[in-house]
Amino acid sequence: MDSAGRLDVAVVGAGRVGPVLGAALRAAGHRVTGVAARTRSAAERVEALLPGVPWVEPARAMAADLVLLAVPDDALAPLAAELAGSARPGQLVVHTCGLHGTAVLAPLTAAGALAAALHPAMTFTGTSLDLTRLRGAAVAVTAAPLLLPLADALVREWGAVPVPVAEGDRPLYHAALAHGANHLVTLVAQALEAARAVVGDAAADVLRPLLGAALDNALGAGDAALTGPVARGDAGTVAAHLRVLAERAGEGTAAAYAQLALVAADRAAAAGRLPAPAARAVRAAVEESRAGAARRGEEQDRG
């Protein structure tokens, strides 16, 4: 580290996240001295984001003041164990996984390295567009109390907003984000596919304002934002939806609708928004649909 507090930074991982965060640190004045990865299949992306930065072996990356580990969750523990022999006292090792806190870096901290977990709550494209999207994004920060000011400063240099998350809360934090974002993609893709069967290429334009408003309302009001047939207790409409989805959109989409309708009915009933008789009627419609799907599956197996 120089007298101005600028760091030599190495990025381990050449996926969509590491090169973007490395570019953000470079823009803040730090020196990115190398990129390490198992393969160089992402060479074009790395060169676009970090022009002129050399490829290095993972062990050589540990010579940097700040080592950014941007690898999948399940790869992090083996990587930490692999790099432990190259760790140096006082160097900062940061990982970007959502699931883990700093305990996963124990082999490195045992060698004297300082650990932090910084997970941006956003999806990455692996392009320069992410640098704009990173500004104002929340980043979950887990670090020892003495390191929190440094971790927060790194996040702010990305242009992002640090949000403290305790070590033991990282799995729930990550599950919440994955459930909301990843499953939302699946849900919207199913709705888009079904709508295209009716309105063709206009499906996205039909859904966009409705889904945007629903998301904003849900983030602001939670269960109180629920509208539609389940919230009204219109069991007949739910049954009709399940029939037509099974017939025209596929059993998978109908099954997802059925499961979410049950969850929505339970939450609406618990919140006092759906009377008990209406909730039972919705559940009965769902169970009848599921029984029909099971019968159809048995018939197909026999046929």
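Me: Helices (H or I, at least four residues) and strands (E, at least two) are DSSP runs, numbered from the N terminus. On that basis, what separates R290 and E287 within helix α13?

Reply: This is a predicted model, in which local features need pLDDT of at least 70 and side-chain atom pairs count only at pLDDT 80 or more, while totals for chains, interfaces and linings use all residues. Residues are numbered from 1 along each chain as its sequence is written, and side-chain values use heavy atoms, with hydrogens and water left out. R290 and E287 form a salt bridge (a side-chain nitrogen of Lys or Arg within 4 Å of a carboxyl oxygen of Asp or Glu), with their closest N and O atoms 3.6 Å apart. Because the two residues lie 3 places apart in helix α13, the separation of R290 and E287 is about one helical turn.

Me: Which helix does E251 reach through its salt bridge with R296?

Reply: The closest N and O atoms of E251 and R296 are 2.8 Å apart. At 36% relative accessible area E251 is partly exposed, as the scale runs from buried (under 20%) through partly exposed to exposed (over 50%), with a 1.4 Å probe and protein chains only. R296 is likewise partly exposed, at 34%. The pair links distant parts of the chain, 45 residues apart, running from E251 in helix α12 (residues 251-270) to R296 in helix α13.

Me: Within what arc do the buried residues of helix α4 fall?

Reply: In α4 (residues 73-83) the buried residues are L76, L79, A80 and L83. Since they line one face of the helix, the view down the axis of α4 gathers them together, whereas D74 and P78 are exposed on the face turned away from that buried side. Taken from the directions that run from the helix axis to the C-beta atoms, the arc of these buried residues is within 105 degrees.

Me: With which side chain does the side chain of H30 make a polar contact?

Reply: H30 sits in the loop between α1 (18-27) and β2 (31-36) and is buried, at 5% relative accessible area. A polar contact is a pair of N or O atoms within 3.5 Å; within protein, one must be able to donate a hydrogen and the other to accept it, and residues adjacent in sequence count only if both atoms are side-chain atoms. A polar atom of the H30 side chain lies 3.0 Å from the backbone nitrogen of L7. At 2.6 Å, the side-chain partner of H30 is E157.

Me: Which elements give two or more residues to the nonpolar patch?

Reply: Patches join residues with over 30% relative accessible area and no salt bridge, like charges within 9 Å and nonpolar side chains (Val, Leu, Ile, Met, Phe, Trp, Tyr) within 5 Å. On the surface, L184, L187, L215, L219 and L260 form such a nonpolar patch, with about 470 Å² of accessible area together, from the Shrake-Rupley method with a 1.4 Å probe and only the protein chains shown as cover. The elements that give two or more residues to the patch are α8 (170-199) and α9 (203-221).
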